[in-house]
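Subject: Structure handover

Hi,

Here is the structure for your review. My notes on it follow below.

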Amino acid sequence: LKVLVVDDELNVRESIRKFLEIEKFDVGTAVDGNDAVEKLSSEVFDLVLTDLRMPNMDGHGLMEWINEAGIKIPIIIISAHGDIQDAVKAMKAGAFDYLTKPFDPDELILRMNRAVETGAFQKSREIDQMSLGLKDDLIAEDPLMLEILTNAKQAAASFASILITGSSGTGKEVMARYIHEQSSVSNGPFVPVNLGSIPESLAESELFGHERGAFTGADKQRRGYFELANNGTLFLDEIGEMPLNMQVKLLRVLQERKLQRVGGTIQIPVHLRIIAATNKNLEEEVREKRFREDLFYRLNVVRFELPALRERPKDIEALSSFFIQKFGKLMGKPDLSLSEPALKQLQNYDFPGNVRELENIIERACIFASDSQIQSNHLGLSTMRPLEKEIEFTEQNLQLWEIEKAYIKKVLSEQRSNRTKTAEVLGISRQTLIRKIQELDLE
Ligand SMILES: Nc1ncnc2c1ncn2[C@@H]1O[C@H](COP(=O)(O)OP(=O)(O)OP(=O)(O)O)[C@@H](O)[C@H]1O
Ligand SMILES: [Mg+2]
């Protein structure tokens, strides 16, 4: 590790240098802020140890320069006794840590390691986010989400159909747009279609277009969503709502990559990427014969299941800051921040409405926050939905079936009624699970 030691006192500088070199650090030194700026401009360091009071440019000036230059490097302040006020100011300006002179060399090593570990983590995270090509509107910091995005970026490069599942408000559409942006057709259009909101009678002409005179009211030729999305991405949202007869037609177009407008005779070739999304359990829909199995396999070439927001604590924090910034600016409160207890409360909340709900909660909180901090009571979570009541084993005289029923119910709900996964968690076969569901009246 390469460390820059900045101090105007030769004694201090040299003793730190000698000690760190014995500890196998690679050490550079600077006599003041100006000197440090010069060194930092020409060499890459992993850490800066700096005194505060120095001639020419002092420690505060140096920190300011480092921030403005955008150099991501942890800074540890070594200040003299009595400079506590100064040290606090430096910490507020972004220093990682501070030590007062004279200090215990082992303590210094400890703090340095901690700074570098945290610093290294931040660096790798930034690289992650950069290499993922995330824009301002997709926030992801939780490892769960970063992994999904890494896979999504990879899948985007292929032309395979992609299915995005996850409950309401988890960011399925945001994700679909991300895949489009990362794909080879990113210069083409991104066309979202909400299949849940198109009346069944219009679905075919909306999707595939129609010729003039195809039906009463069709007084003009019209291109459908498929043609509009040509050379781009067609986002079929709420695919689980698609009527069965339309599913057949969709399957045919996906297989042949050609379509016929309603009332038309020619086959029009289409070249596009399909991304479908649903908050339904499509496997279940297939089982219940409400969704065609062949279409399911066509769409489910690559699958991304977005986790619920409560399973991504780091995203709760990052998204909160993001929304606070957004609404704070809109409402003329640009300095708003979140108090520690308020953040805790958010991280303990179960967010049935996921990111969309968090966005609403923060918007409301920004309205109610009078000073610069959002407090717990601004979140309005008093009507918080209780987490599912869990079994109290302290309860007396429970019969075994009651415990079994409660537990199966809990796992079913955790697995969003997916029976295959539930059976897996419970360590029983699917058939056994289905039998128990019937016997215990869990339907
Ligand atoms: N990772 C994210 N970063 C920033 N904003 C997000 C993120 N995920 C979701 N949002 C925001 O939350 C809201 C809901 O997201 P989106 O519409 O993508 O969810 P969805 O899964 O499609 O929901 P539904 O199933 O209800 O259609 C949107 O306003 C979106 O901008
Ligand atoms: Mg959606």
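Phe235 sits in strand E8 (residues 233-237). Helices (H or I, at least four residues) and strands (E, at least two) are DSSP runs, numbered from the N terminus. Phe235 is buried, at 0% relative accessibility. The cut-offs: buried is under 20% relative accessible area, exposed is over 50%, and partly exposed lies in between (1.4 Å probe, protein chains only). Leaving aside neighbours within four places in sequence, Phe235 is in contact with Lys172, Glu173, Ala176, Phe190, Val191, Pro192, Val193, Ile275, Ala276 and Ala277. Contact means heavy atoms within 4.5 Å. Phe235 and Val88 are 51 Å apart in space, C-alpha to C-alpha, and 147 residues apart in sequence.

Two points on conventions. This is a predicted model: local features need pLDDT of at least 70, side-chain atom pairs count only at pLDDT 80 or more, and totals for chains, interfaces and linings use all residues. Residues are numbered from 1 along each chain as its sequence is written, chains are lettered from A and ligands numbered from 1 in the order in which they are written, and side-chain values use heavy atoms, with hydrogens and water left out.

Strand E1 (residues 2-6) is mostly covered, with 4 of its 5 residues buried. E1 runs parallel to strand E2 (residues 26-30), and 5 bridges join them. Strands pair if DSSP finds at least two bridges between them. Val6 has Ala30 of E2 as its bridge partner. From E1 the chain crosses through helix H1 (residues 10-22) to E2, and this β-α-β crossover is right-handed. Right-handed means that, with the strands pointing away from the viewer, the path from the first strand over the helix to the second runs clockwise.

E1 also runs parallel to strand E3 (residues 47-50), with 4 bridges joining the two. Here Leu4 has Val48 of E3 as its bridge partner. Thr50 is buried, with a relative accessible area of 0%. Beyond its neighbours within four places in sequence, Thr50 is in contact with Val6, Gly59, Leu62, Ile75, Ile76, Ile77 and Ile78.

**Helix H14**

In H14 (residues 340-348), Ala342, Leu343 and Leu346 are buried. Down the axis of H14, the buried residues fall within an arc of 100°, so they line one face of the helix. The arc is that of the directions from the helix axis to the C-beta atoms. These buried residues pack against helix H13 (313-330), strand E13 (337-338), helix H15 (354-368) and strand E14 (373-374). On the other side of H14, Glu340, Pro341 and Asn348 are exposed.

**Rings**

The whole structure holds 5 aromatic pairs. Rings of Phe, Tyr and Trp (its six-membered ring) pair if their centres lie within 6.5 Å; planes under 30 degrees apart count as stacked, over 60 as edge-to-face and the rest as tilted. Phe208 and Phe226 form a tilted pair, 5.3 Å centre to centre with 40° between the planes. Phe208 lies in helix H8 (residues 200-208) and Phe226 in helix H9 (residues 225-228), so the pair ties together parts that are 18 residues apart in sequence. Both Phe208 and Phe226 are buried.

Phe322 and Phe323 also form a tilted pair: 5.3 Å centre to centre, 55° between the planes. Phe322 is partly exposed, at 23% relative accessible area. Phe323 is buried, at 4% relative accessibility.

Best wishes
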